Amino acid sequence: MLLVVEQFLNGLQLGLLLFLLAAGLTLVFGIMDLVNLAHGSLYMMGAYFAATFVAWTGSFLGGIALALGATLLLGIVLEFVALRHLYGRDHLDHVLATFGLILFFNDAVRLIWGPAGLALPLPPWLTVPIQIVPGVFYPAYRLAIIVVALAVALMLYLVVMRTRLGMLIRAGASNREMIGALGINIKLLYTLVFGLGAALAGLAGLMQAPILTVQIGMGENILILAFVIIVIGGIGSIRGAFVASILVGMIDTLGRAFLPDLLRKILSSAAASTAAPALSSMLIYLLMAIVLVVRPEGLFPANRR
Amino acid sequence: MTASLNARNVAAALIVAGLLLLPLYAQLSGNMFVLTLFTRIVIFALAAVSLNLIMGYGGMMSFGHAAYLGIGGYAVGILAAEGIGSGFVQWPVALVTSALFALVIGALSLRTRGVYFIMITLAFAQMAYYVAAGLARYGGDDGLTIYKRSDFAGLINLSGRVQFYYLCTGCLFGGIYLVWRIVNSRFGLVVQGLRSNEQRMQAIGFPATRYRLVCFVIAGTMCGLAGALLANNTDFVSPAVMYWTRSGDLMVMVILGGMGSLFGPVVGAIVYLLLEELLSQVTEYWALIMGPLLLLIVLFGRGGIMGLLGRLHRG
């Protein structure tokens with residue numbers, strides 16, 4: 001029971017983290033129609049910025065605030081210098097160009113921070129275990145991730161559904177020529193949305209940093225997960241991204257935790273211990289394949305025209 | 001078909017001649033490294049040629065093409081580890097397994113279009129990657145060393161550098177010839193027609209998915225052959241050959257050289273891998289230059305290198 005609660009929370013935490021990444025990706029995809037493979041690089045940069053600024057300022061929260069700002073700025077610069085020229089081009093061009101950006105960012109990080117990974121130590125007040133249900137303790141930091149990610153998700157929802165900016169964003173997603181014709185500065189809107197997506201990716205990266213090591217290529221595996229999510233959820237749909245994130249986070253975590261025991265019941269113990277890791281890594285890809293075969297546009301297709 | 005003397009055909013002729021004469025140059029100059037490097041390039045060129053068949057001519061943007069490299073490689077590696085060293089068994093198994101894999105994932109993936117197709121092929125390749133990483137008996141994550149190259153009963157010796165190089169080059173030219181025949185056949189014209197206007201083709205009465213699927217399987221099988229060659233070349237196969245960045249590399253080669261041109265992917269493979277080699281000799285941080293270079297190529301070089309040569313001719 002204890003393990004179930006803990007793994008459930010872990011799944012929720014991973015899912016919410018993935019949502020932060022996927023939300024930016026799906027916004028950029030839905031509004032600018034841009035396939036951005038370099039989104040994972042922004043996640044990585046968020047983590048590197050945080051590790052650097054926290055060590056530099058000596059304050060955890062201060063460092064994180066600086067890192068968020070830096071990722072936002074980096075996103076805006078990236079959009080301005082490179083990605084802006086890719087709008088309206090073929091998806092394949094996006095894949096190639098942003099693949100080039102991944103190469104660039106990985107080596108840039110290796111040049112600046114060196115090939116060894118960094119650690120982002122937690123302040124003492126975040127390392128204490130907290131009793132959530134009588135007898136069940138859960139690390140405060142992981143709980144903090146859940147709370148922050150939920151708050152950000154709620155804020156994102158309010159911004160997109162209740163503000164004028166959000167209205168423009170939704171309008172841009174459903175018909176970008178029309179909002180241009182109505183006199184909205186699309187270029188500025190695109191830059192803002194891209195910066196927002198970058199900051200969300202950076203936030204995900206820096207929150208994940210204390211749990212895993214900060215290292216080169218850390219954004220690549222999780223980027224693929226984020227793509228799986230937006231494809232399952234339906235490209236351009238934030239609601240779909242949220243549902244799919246939680247689904248993927250849960251399936252991945254619970255699969256890794258409980259699949260070995262389940263398999264041991266049907267297979268021999270040796271066969272189960274070899275099959276389980278591969279199978280649990282495959283689960284989400286299997287889910288995506290099934291979703292795409294049954295609903296080729298994803299679970300919540302964004303309304304297009 | 002009358003071949004006219006334009007920049008693209010000259011480039012193609014130069015490539016064929018250059019690849020055929022390369023071992024001579026290596027022998028004369030004593031620079032055997034060139035031969036090793038180009039064996040690798042030729043194998044990747046074959047993989048890129050097969051990807052170009054579905055991507056350039058068929059409009060199917062597969063982001064999981066490296067899976068076949070791994071499947072072909074693992075077919076050779078696993079059979080070798082189990083004591084079956086004959087290439088007459090290993091290679092057909094490699095081809096048939098790749099074809100079957102392509103048939104299954106093609107049948108499922110071809111239900112989707114556009115970005116969804118890119119992503120679902122990627123997902124299947126990642127699944128193959130994790131299966132390979134889970135093969136604890138065959139090295140798992142660390143990969144599998146192949147102690148003896150495929151044995152062709154004295155017909156050809158794969159351990160001979162020059163012989164192996166010519167085998168790979170022969171396979172490449174065979175692949176290009178096959179693609180050329182396909183593209184100019186009725187079947188190939190239907191597949192290209194589906195790329196430009198699916199609705200119209202279906203209205204004429206062509207079953208779109210069936211044609212695409214056959215094309216997809218042919219490309220997968222060809223890439224499986226490249227995988228078998230690659231495993232023999234490196235004497236090693238690991239899950240890393242199927243990782244998504246490897247599929248990305250293949251896509252880059254095709255686009256760099258020129259999608260939908262016969263020799264484009266060969267040019268792309270040569271340029272990409274040579275550039276990687278040269279830049280990594282100049283600086284450890286070669287990707288720092290390569291990355292922005294790719295971006296510039298996308299922004300300013302439409303149609304890849306072959307497209308550039310084509311425009312050159314027209315003035």
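This is a predicted model: local features need pLDDT of at least 70, side-chain atom pairs count only at pLDDT 80 or more; totals for chains, interfaces and linings use all residues.
A residue is termed buried here if 20 or more other C-beta atoms lie within 10 Å of its own. By that criterion, 48% of the 305 residues of chain A count as buried.

Let me begin with the architecture of chain A. The chain contains 11 helices and 2 strands. In sequence order, the pattern reads α-α-α-α-β-β-α-α-α-α-α-α-α. The radius of gyration is 20 Å, close to the 19 Å given by the globule rule for 305 residues, so chain A is as compact as a globular protein of that length. Along the principal axes, the C-alpha atoms of chain A fill a box of roughly 65 × 50 × 40 Å.

Contacts within the chain come next. Taking those between residues at least 6 apart in sequence, 76% join residues that are at least 24 apart.

I turn now to the interface. How many residues of chain A are in contact with chain B? There are 36, and they meet 34 residues of chain B. Which elements of chain A give two or more residues to this side? They are helix 4, spanning 91–113, helix 9, spanning 218–233, and helix 11, spanning 269–294. Of these, helix 4 provides the largest share, with 16 residues. As to composition, the side of chain A that touches chain B has 27 nonpolar residues, alongside 6 polar and 3 charged ones.

Notes
Residues are numbered from 1 along each chain as its sequence is written. Chains are lettered from A and ligands numbered from 1 in the order in which they are written. Two residues are in contact if their C-beta atoms, placed from the backbone, lie within 7 Å. Helices (H or I, at least four residues) and strands (E, at least two) are DSSP runs, numbered from the N terminus. Ala, Val, Leu, Ile, Met, Phe, Trp, Tyr, Cys and Pro count as nonpolar, Asp, Glu, Lys and Arg as charged, and the others, Gly among them, as polar. The radius of gyration is taken over C-alpha atoms; the globule rule is 2.2 Å times the number of residues to the power 0.38. A residue is buried if 20 or more other C-beta atoms lie within 10 Å of its own, exposed if 12 or fewer, and partly exposed in between; C-beta atoms are placed from the backbone.
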